[in-house]
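Let's take a walk through this structure together, one piece at a time. Have the sequence and the 3D view open as you read.

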Protein chains: 2
Amino acid sequence: MRVPLPRCLLTSLRGQRGGARSLFTLSDSSRSPASVPLTRDTFGLKRGEFAEPTSDDLSTLKQLVKGRMESDEDDLIKHNTDWLRTLRGSSPCVVFPKTTAEVSDVLRYCSERRLAVCPQGANTSLVGGSVPVFDEVIVSTSKMDDVIDIDHDGGTLTCEAGCSLKKLEKKTRKKRLYFPVDLNIREAQIGGVVAADMAGPRTARFGNLHGNVLGVEVVLPDGTVLDSMSTMRKDNTGFDLKQMFVGSEGSLGIITKVAMACPPMPKHINVAMVYTESFDHVLEIMRLAKDQLGEIMSACEFMDNDAVMSVKQKHLTMWGVPDKPYYVLIETAGHCDMHDEEKLKFLFNMLKDKRLIMDGQIGPLNYDDPTFVERLWNINGRILTALSAAGNVYHYDVSLPHAKQYPLVEKLRKDLGDEITKVASFGHLLDGNMHLALLSSSFSASTMAALDRLITEYVTAAGGAVSAELGCGFKSRNLGAHCKDPVEMKMMRDVKNMLDPKGIMNPYKVFPDSV
Amino acid sequence: MRVPLPRCLLTSLRGQRGGARSLFTLSDSSRSPASVPLTRDTFGLKRGEFAEPTSDDLSTLKQLVKGRMESDEDDLIKHNTDWLRTLRGSSPCVVFPKTTAEVSDVLRYCSERRLAVCPQGANTSLVGGSVPVFDEVIVSTSKMDDVIDIDHDGGTLTCEAGCSLKKLEKKTRKKRLYFPVDLNIREAQIGGVVAADMAGPRTARFGNLHGNVLGVEVVLPDGTVLDSMSTMRKDNTGFDLKQMFVGSEGSLGIITKVAMACPPMPKHINVAMVYTESFDHVLEIMRLAKDQLGEIMSACEFMDNDAVMSVKQKHLTMWGVPDKPYYVLIETAGHCDMHDEEKLKFLFNMLKDKRLIMDGQIGPLNYDDPTFVERLWNINGRILTALSAAGNVYHYDVSLPHAKQYPLVEKLRKDLGDEITKVASFGHLLDGNMHLALLSSSFSASTMAALDRLITEYVTAAGGAVSAELGCGFKSRNLGAHCKDPVEMKMMRDVKNMLDPKGIMNPYKVFPDSV
């Protein structure tokens, strides 16, 4: 196994800490928030039976949060409009509590008055989970951003809900811990991330939120505070109620604090991008990489030509990205650079011998000083916004058995009419998660309904999941009705009624219109 | 780093698959089931307001499961008595359904008749979670033991609830997948293991059940079947309701099918036992091992002298185990034997240089052919039964911050009177989980209540958890009342009332007597 390393193909990162990160920002979207049509008009929705916020309500709410409220239309626009600039609500105010007690006061008041509430973190949901649909009171966690404790020995982090992933990554890295939620949007706040059960590319290595969240503090819809905080990795004292809030998407309460398990920070990270000719080769590369890299593998991503070229067209800085059918990005994170390099080298020789790859590039990762390879990683995070700049994007985030993944893309390209001009796909191979971005010149509710049906039918028949890592939010709220067991849908409703009998929390989200 | 390997200290396992397993069996207990006093007498409990099973009920139940019922007292005794021979119920029958439909029929009938039900797998609970307290109808999952599917590429297993861990480990290993639940009692059935949210020593590496369970099928108390099965690693379509049943301890329904994520099988496993002089050294060994071994580390266990010597006294086959203050067992599981050996060697040289270890031994692992080192692993699994043979054992399974762990053992040794003759401790260091076994000549309810209070107070003040990996079951049902947030206790009760309004499922368990 000890042969010289082909440095042209493989450049290892030595001594760097920190993972690959995208530089995905709001400025990627070219549409102005004020130009986005109102969601209620676009989707023809009926407002729920909630009280309408009056000027008296606004005064009281402002008092409850010691003046930290915005109610001017210009200030509100970014809170009323979603990240992808496709949805717009008309909330009259956003409040910024600083303490759990203030969140409790706000929710108690809203519950008593039967005012609908939209919890909001950094408002980075890609499924419209964090914007109001009508005139919900927006409760922002942005001012609750203290890191409470980081314990290196125990491998735990405790913080308030408004901490951004960027901040938490930085703070945990200083204590040589790895923050196990890696999303493209680093502004995202941990409270929202936990509420939406977000995942990202590295869950197969570092675990998902149901496994990694150790404790939560939640303000329930009537203002009651549930203290289910713990920093213990094993706590089996009664039901694990915190799990109910992981993935509840703000519909059962507002998460105000979070405790997470964080593994030791890997000492060396390598990233490689290889190019290949077919999706069958993509899968064979993944299999061999899993087998050869084993425990050091931290991500394995694929992107197709339409996905990568869309980003290249928008971002001219992506110099040097070749035009290839399929791109596979492999990341390792380990404790010994020599060992990791040997394993990677062995893998790459094998891939070349088997003629599975056309070419490949590797470079160091360090997001304080972005390099060529880091920009390769960033392609992943820019696909949706790059396509959004070119027109309307219907975005689907599905899980599928590997063999059923690309046939869906090919079926869509074949079956859809001229209205859809491009079908781009990319995904996290290690957990069967594939994103589909379908481009058209403008939005049509009937096209979206037809796509929902077509994709849900395919995914359900294949034993997949129609929402993989982004949650249902507003945009995917109806997908569950097509594929979930009716007993499960009823139980979801029972849980909602138990915790939020007035239905004030994040209405028009998560649940299908018909349930 | 390339220096010759000290083979006397370090012998690697090459080409072996499969992890370390204990040979813990029922025969370890020397007490006969029939001699165990009735739980209702020992604890002076009041029977719940359920119907008493009549001979008509037994006839109907027998029909519903096509004759697969035992009602003879001799046949029932092992179903009425717990694994550790400390509890005994008086159920008049155990039924053995073979299908989900039969489980549904049985629960629907019991619900209509208001008959209490005790779900039972292999009846290996260490907290009395799987034995009746009064005359509950026992519903056994033992005849539902089909492995439905194992998918190497997807890394998933689908099976019926009655499959033993032993069977699942064997079947997944054949497909080069690692079954991520490693308990000492390999007879345990996966349905019961998921219901109890069991953990074991390797969760820090391979994740816990909340992270690894992908789907469940559950029969609810009224006989309704909830199909929440999925083999997708990411499924974010609506609330993650399956989480409610992971750790519900049979009090919300009976799990009939399970889907699990299984990582690739590591190719090489090494185990080392080292001896050291103080608990501070134990912790420093753990820190250095985490730092040097990184991603290949799969377990780090400690045992104290009282724990190991108790096993040695009972099992004379444990030849050669030296008499030392503390024992630390380190396991690695990796994809390249050379690399793993190098990392281990480097660690051991470091531990010797720092004078942290007195001595150590390593050997290959293969449980078809148990060896010396495997028996070292087995000590862990035999401590409770070895102590039980010497008298009555009060057993606690707590999570604590590392620095607070051993001071509790020392405090107990100092503060407790002559009634407690030995305090043995052992634990899974990577997740702060410590087991305490307190030996006395006979059981006393008042001593147990005093210990409950003392240990709960200490653990709660230290920010720990009073039940770490075994659940509450019957024995630890009252611990939560001392340390849980009242809001959380009320929410537990609300969830119970929502799913089991008649309270027939596994009564006298999980919930404190007062709630």
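**A sheet, a helix pair and an interface**

Val95 of chain A stands opposite Val139(A), a residue of strand β4(A). Keep in mind as you look at this pair that the model is predicted. The two strands around this spot are β2 (residues 94–95) and β4 (residues 137–140) of chain A, which pair in the parallel sense over two bridges. Step back and you will find an open sheet of four strands in chain A, running in the order β1-β2-β4-β3, with mixed pairing. At its edges lie β1 (69–70) and β3 (117–120) of chain A, each pairing on one side only.

Now turn to chain B and its helices. Helix α9 (residues 279–293) of chain B and helix α11 (residues 337–353) of chain B have axes that come within 9 Å and cross at roughly 150 degrees. Because of that angle, α9(B) is roughly antiparallel to α11(B). The crossing of α9(B) and α11(B) is right-handed. On the α9(B) side, the contact is made by Ile285(B), Leu288(B), Ala289(B), Gln292(B) and Leu293(B), and α11(B) brings Lys343(B), Phe346(B), Leu347(B), Met350(B) and Leu351(B). Sorted by class, the residues of this contact are eight nonpolar, one polar and one charged.

Finally, see how the chains meet: 74 residues of chain A are in contact with 74 residues of chain B. Several elements of chain A give two or more residues to this side, among them β8 (225–228), α9 (279–293) and α11 (337–353). The largest share, seven residues, comes from α16(A). By class, the side of chain A that touches chain B has 27 nonpolar, 29 polar and 18 charged residues.

Technical notes. Residues numbered from 1 in each chain as written. Chains lettered and ligands numbered in written order. Predicted model: local features only at pLDDT ≥ 70, side-chain atom pairs only at ≥ 80, totals over all residues. Axes fitted to C-alpha atoms, helices over the stretch in contact; angles between N-to-C directions. Parallel < 35°, antiparallel > 145°, perpendicular 65-115°, else oblique. Left-handed = near helix turned anticlockwise from the far one by under 90°. Contact = placed C-beta atoms within 7 Å. Nonpolar A, V, L, I, M, F, W, Y, C, P; charged D, E, K, R; others polar. Pairing = 2+ DSSP bridges.
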